[in-house]
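Here is my note on the model you sent. The points start at the ligand and then move to the sheets.

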Amino acid sequence: MNLEYCKPQTLEDLLAETRAGTHLMAGGTDLLVDMRSRKKTVQRIVDIKAIPELRGIRETKSGLEIGACETFTALRESPLVAAWSPALRECADVMGCHEIRHRATLGGNICNSSPGCESGVVLSVHEAQVRIASTRGVRLVPFDTFATGVNRTCLEPDEVVLSIILPKAADSLSFYRRITRTAGMDLACWNGAALVLQPRIPAKRVVRISFGTVMPTPYRPRAAEALLSRRPLTPADMDQAYDLIIREIAPRAGSVRASPAEKKRAIRNFLDELLERLAP
Ligand SMILES: Cc1cc2nc3c(=O)[nH]c(=O)nc-3n(C[C@H](O)[C@H](O)[C@H](O)COP(=O)(O)OP(=O)(O)OC[C@H]3O[C@@H](n4cnc5c(N)ncnc54)[C@H](O)[C@@H]3O)c2cc1C
């Protein structure tokens with residue numbers, strides 16, 4: 001098989017090289033596995049790791065901007081990530097294993113768009129924005145519309161993700177949970193994240209929750225979020241929120257990772273933990 005490989009050094013060159021038939025490679029931890037298993041036939045790889053615009057974790061006027069090529073190790077070690085999003089820090093802590101975290105990037109994670117991808121639920125509760133570039137210019141897409149299905153995104157063939165922006169969430173509480181089949185390295189069978197704005201002021205509190213693997217893309221239970229926001233919470237509210245969520249989700253019965261019953265139990269436990277964390 002003839003495989004063409006190039007590694008542009010500037011964003012301008014990268015955008016000129018990106019077109020239909022091109023496979024961008026960041027850490028390669030999904031792409032190379034898909035090539036080896038013949039899930040993807042690849043003839044042209046463009047390595048994006050050398051591009052400065054895809055690097056860096058910085059505070060900007062719009063929020064915390066994370067370069068698409070930042071690895072999960074970088075997220076784990078960043079004091080800015082720890083301060084802005086304990087949930088993102090927790091998800092980076094448990095993602096894959098030491099070696100994978102050193103290679104795997106945040107951009108690759110969202111572009112691969114697997115239903116249980118580690119960062120999806122966290123970016124969803126943060127209402128993150130995805131900065132996307134092509135020779136036609138730069139556009140911002142809300143994360144919730146970026147992922148369009150299993151292994152599908154809104155990216156056009158000539159587009160590259162530059163960075164992911166977490167808007168400011170001052171005075172907030174966030175956490176991340178997952179279940180896996182084995183201790184150690186395994187993909188999440190189910191995952192969930194919560195971000196609560198103004199957690200100590202019940203009348204102003206805004207609750208955001210997102211769950212992975214219960215729908216093709218990270219799922220925000222909007223009716224349950226509305227029910228749990230702007231009021232003191234009781235166990236009965238959690239029962240009601242759980243019922244609303246269970247009515248909306250459609251976890252696959254044939255999943256090899258976790259049964260629908262296990263995923264529902266995980267959601268129940270997650271809501272109980274949320275209630276505990278918000279207790280006066
Ligand atoms: C052993 C092992 C364990 C794993 N464990 C986990 C786990 O626990 N949790 C988890 O979520 N995942 C896990 N994964 C999957 C994988 O590591 C992650 O999805 C990772 O974040 C992918 O990032 P990458 O940089 O390696 O992406 P790549 O493989 O380089 O790219 C993935 C896809 O995204 C595209 N892409 C990458 N960057 C961009 C960009 N900036 N713009 C446009 N398109 C882009 C590529 O073209 C490709 O289609 C695991 C994989 C392996 C092999």
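1. Which side chain has an N or O atom 2.5 Å from an oxygen atom of the ligand? The side chain of D30 does. That is a polar contact, meaning a pair of N or O atoms within 3.5 Å; within protein, one must be able to donate a hydrogen and the other to accept it, and residues adjacent in sequence count only if both atoms are side-chain atoms.

2. Some ground rules. The model is predicted: local features need pLDDT of at least 70, side-chain atom pairs count only at pLDDT 80 or more, and totals for chains, interfaces and linings use all residues. Numbering runs from 1 along each chain as its sequence is written, and side-chain values use heavy atoms, with hydrogens and water left out.

3. N109 uses a polar side-chain atom, at 3.0 Å from a ligand oxygen. The protein covers 89% of the 980 Å² of accessible area that the ligand has on its own (Shrake-Rupley method, 1.4 Å probe).

4. The shell around the ligand holds 31 residues, and L24, T29, D30, T105 and E118 come nearest. Here "near" means one heavy atom within 4 Å. By class, 18 are nonpolar, eight polar and five charged. Nonpolar covers Ala, Val, Leu, Ile, Met, Phe, Trp, Tyr, Cys and Pro; charged covers Asp, Glu, Lys and Arg; the others, Gly among them, are polar.

5. Where does the shell come from? β2 (23–25), α2 (31–36), α7 (106–112) and β10 (160–166) each supply at least two residues. The largest share, four residues, is from α7. Helices (H or I, at least four residues) and strands (E, at least two) are DSSP runs, numbered from the N terminus.

6. Domain 1 (50–166) and domain 2 (172–278) both give residues to the shell, so the ligand lies between them. The bounds come from an automatic or database domain assignment.

7. Two strands pair if DSSP finds at least two bridges between them. β6 (residues 129–134) and β7 pair over six bridges. V130 has V141 in β7 as its bridge partner.

8. Another open sheet has three strands in the order β1-β3-β2, paired in parallel. β2 and β3 (residues 44–47) are joined by three bridges. The bridge partner of H23 is I45 in β3.
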